[in-house]
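Subject: Structure handover

Dear colleague,

Please find the structure below. My notes on it follow.

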Amino acid sequence: MNDIMTAKNLNLWYDKTQALKNVNITIPEKSITAFIGPSGCGKSTFLKTLNRMNDLIPTVRITGEISYNGQNIYDSTVDVNELRREIGMVFQKPNPFPMSIYDNIAYGPRTHGIRSKVKLDEIVEQSLRDAAIWDEVKDRLKKNALGMSGGQQQRLCIARALAVKPKILLMDEPTSALDPISTLRIEELAIELKKSYTIVIVTHNMQQAVRISDNTAFFLMGELIEYGETEKLFSQPEDKRTEDYITGRFG
Amino acid sequence: MLSKKRKAYIGGMKAAMYISTGITAVFVIFLVAYVFIKGIPNISWELLSTKPSYISGNIGILPDILNTIYIVLTTLIVVIPLGVGAAIYLTEYAKNKKIVGIIEYAAETLSGIPSIIYGSVGMLFFCEFLGFRKSLLAGAMTLVIMNLPTVMRTTQESLKTVPQSYRDGAFGLGAGKWRVIRKVVLPGCVDGVITGCILSVGRILGESAALLFTAGFAHALNGIIDGLSSPGASLTVALYVYAKEQGEFGIAFAIAAILMILTLLINLSAALVSRYFMKKRKF
């Protein structure tokens with residue numbers, strides 16, 4: 001499998017607090033990579049460095065390098081908007097815009113210059129189908145998205161992210177606000193999506209990491225402690241701290 | 001069981017509250033009733049549709065109504081883009097939070113300054129220094145400065161109620177900052193902007209001191225273009241002139257009644273607008 005993203009000696013500070021310490025990791029294409037670790041370990045922070053969402057926080061300082069397709073995404077020549085189009089994001093809490101289902105999906109393509117009604121209709125339908133929600137919403141595309149259930153909203157947000165045709169999908173604890181059945185549907189969806197997309201998912205739920213991911217990275221206090229194939233990491237962890245965490249000794 | 005003393009105390013407090021509520025209500029009702037009883041009989045179609053003439057002795061307030069409309073429109077056209085723009089800059093773009101804090105504090109202080117001070121500054125700056133002389137334009141510009149803090153602050157407050165998660169979602173799709181603001185943030189806070197504007201209209205309608213100095217007292221019937229460049233009395237100023245300088249108390253009360261009805265309508269529409277938008281959005 002080809003590698004799509006690589007982080008080299010990545011450090012990150014919020015003001016004076018160091019949140020990431022010398023992270024090195026390589027993320028393979030068309031697979032699911034899970035980040036696990038206790039709260040405040042830096043897994044979400046690291047996820048957000050991958051599409052530069054941390055840029056929005058003024059006090060953040062970053063050193064090191066993250067390369068995507070061979071280019072450092074923190075290089076000054078990089079177009080951040082284009083980067084975020086290629087590396088999409090799904091957030092912890094479903095955050096559909098307060099507009100119709102159709103307009104939610106069309107927001108991204110319209111942002112990137114698609115005006116044709118025919119083309120937009122096509123993208124909206126395809127994205128909703130890919131996110132396995134088309135059958136539930138096809139009759140109410142003009143209804144406000146905030147009227148949907150939490151699980152539907154999250155799948156809508158996934159559809160919205162897919163609508164701009166990204167290469168990578170970053171998911172920041174996408175199921176932590178959802179019920180078990182919605183969670184299951186999102187997990188099935190992730191497995192389906194990895195055929196065409198690279199998925200990086202932050203999760204609090206270790207069973208979830210085992211169920212869906214190919215590789216798992218364990219973070220602790222801003223450091224990447226262990227990274228490898230999910231099956232191996234959970235059955236024969238190399239580091240004592242990983243073992244302690246996955247056996248529930250702390251967290 | 002409550003002691004006698006305690007019972008008397010509770011009873012006394014209750015009575016005190018009833019009395020203060022009663023006094024407040026009586027004052028308001030008395031004021032409204034007094035103005036309407038004195039004013040409404042004097043409102044006639046002729047009063048509303050003619051201009052005053054010293055030769056025929058006719059009194060009409062059509063020019064004053066038009067002047068008021070011109071002032072309200074001109075003020076809004078200038079103050080909305082300025083105030084909303086400043087609010088967007090301060091909440092969404094400005095990096096230096098300390099300076100933002102100072103500006104917000106200054107704006108709040110500005111909105112508490114007595115309007116006669118705006119009037120005298122407006123007179124010196126717009127009428128004299130910029131050479132507008134006494135005109136509706138000078139009056140409207142003075143009201144712009146007066147209302148700028150209100151429009152800016154209400155817009156800012158409603159910008160702050162738009163959840164950060166909407167912005168994150170839009171940025172995550174690769175939208176640029178301006179697009180995020182225009183398509184996601186602003187639609188989420190229209191209600192605040194509109195409410196701020198309606199409140200401003202109320203203030204403009206009710207303003208007299210600032211206009212006495214800057215817009216003058218004339219009752220000439222003009223179109224909007226000529227009107228802006230010439231002096232003219234708004235309804236409130238006309239009220240003052242009729243009551244204080246011509247002793248026409250009947251006319252003054254008629255104008256007062258009209259102003260009170262307008263204020264009532266404006267407050268009602270502000271309430272309706274915010275209720276409409278509250279229903280539309282759920283966050």
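How many salt bridges are there between chain B and chain A? The count is zero, where a salt bridge is a side-chain nitrogen of Lys or Arg within 4 Å of a carboxyl oxygen of Asp or Glu.

Some conventions first. This is a predicted model, in which local features need pLDDT of at least 70 and side-chain atom pairs count only at pLDDT 80 or more, while totals for chains, interfaces and linings use all residues. Residues are numbered from 1 along each chain as its sequence is written, chains are lettered from A and ligands numbered from 1 in the order in which they are written, and side-chain values use heavy atoms, with hydrogens and water left out.

The interface of chain B and chain A

Although salt bridges are absent here, there are four residue pairs in polar contact between chain B and chain A, both residues at pLDDT 80 or more. A polar contact is a pair of N or O atoms within 3.5 Å; within protein, one must be able to donate a hydrogen and the other to accept it, and residues adjacent in sequence count only if both atoms are side-chain atoms. On the chain B side, helix 7 (164-172) and helix 8 (177-185) are the elements that give two or more residues. Helix 7 of chain B gives the most, with seven residues. By type, the chain B side divides into seven nonpolar, five polar and five charged residues (nonpolar: Ala, Val, Leu, Ile, Met, Phe, Trp, Tyr, Cys and Pro; charged: Asp, Glu, Lys and Arg; polar: the others, Gly among them).

In total, 17 residues of chain B and 24 residues of chain A are in contact, meaning heavy atoms within 4.5 Å. The two chains bury about 1700 Å² between them, 64% of it on carbon and sulfur atoms; buried area is the accessible area (1.4 Å probe) that two parts lose on being put together, summed over both. Tyr166(B), Leu173(B) and Arg179(B) lose the most area in chain B, together 36% of what that side buries.

The chains

Chain A has ten helices and ten strands, whereas chain B has 13 helices and zero strands. Both are DSSP runs numbered from the N terminus (helices H or I, at least four residues; strands E, at least two). The C-alpha trace of chain A spans about 55 × 45 × 35 Å along its principal axes, and that of chain B about 70 × 70 × 35 Å.

The domains of chain B

Chain B is divided into domain 1 (4-42) and domain 2 (45-282), with bounds from an automatic or database domain assignment. The domain centres, taken over C-alpha atoms, are 33 Å apart. Each domain brings eight residues to the contact. About 660 Å² is buried between the two domains, 87% of it on carbon and sulfur atoms. Val35(B), Phe36(B) and Asn42(B) supply 62% of the area that domain 1 buries against domain 2, more than any other three residues. Between these domains the count is zero salt bridges and one residue pair in polar contact, both at pLDDT 80 or more. The domain 1 side consists of five nonpolar, two polar and one charged residue.

Regards
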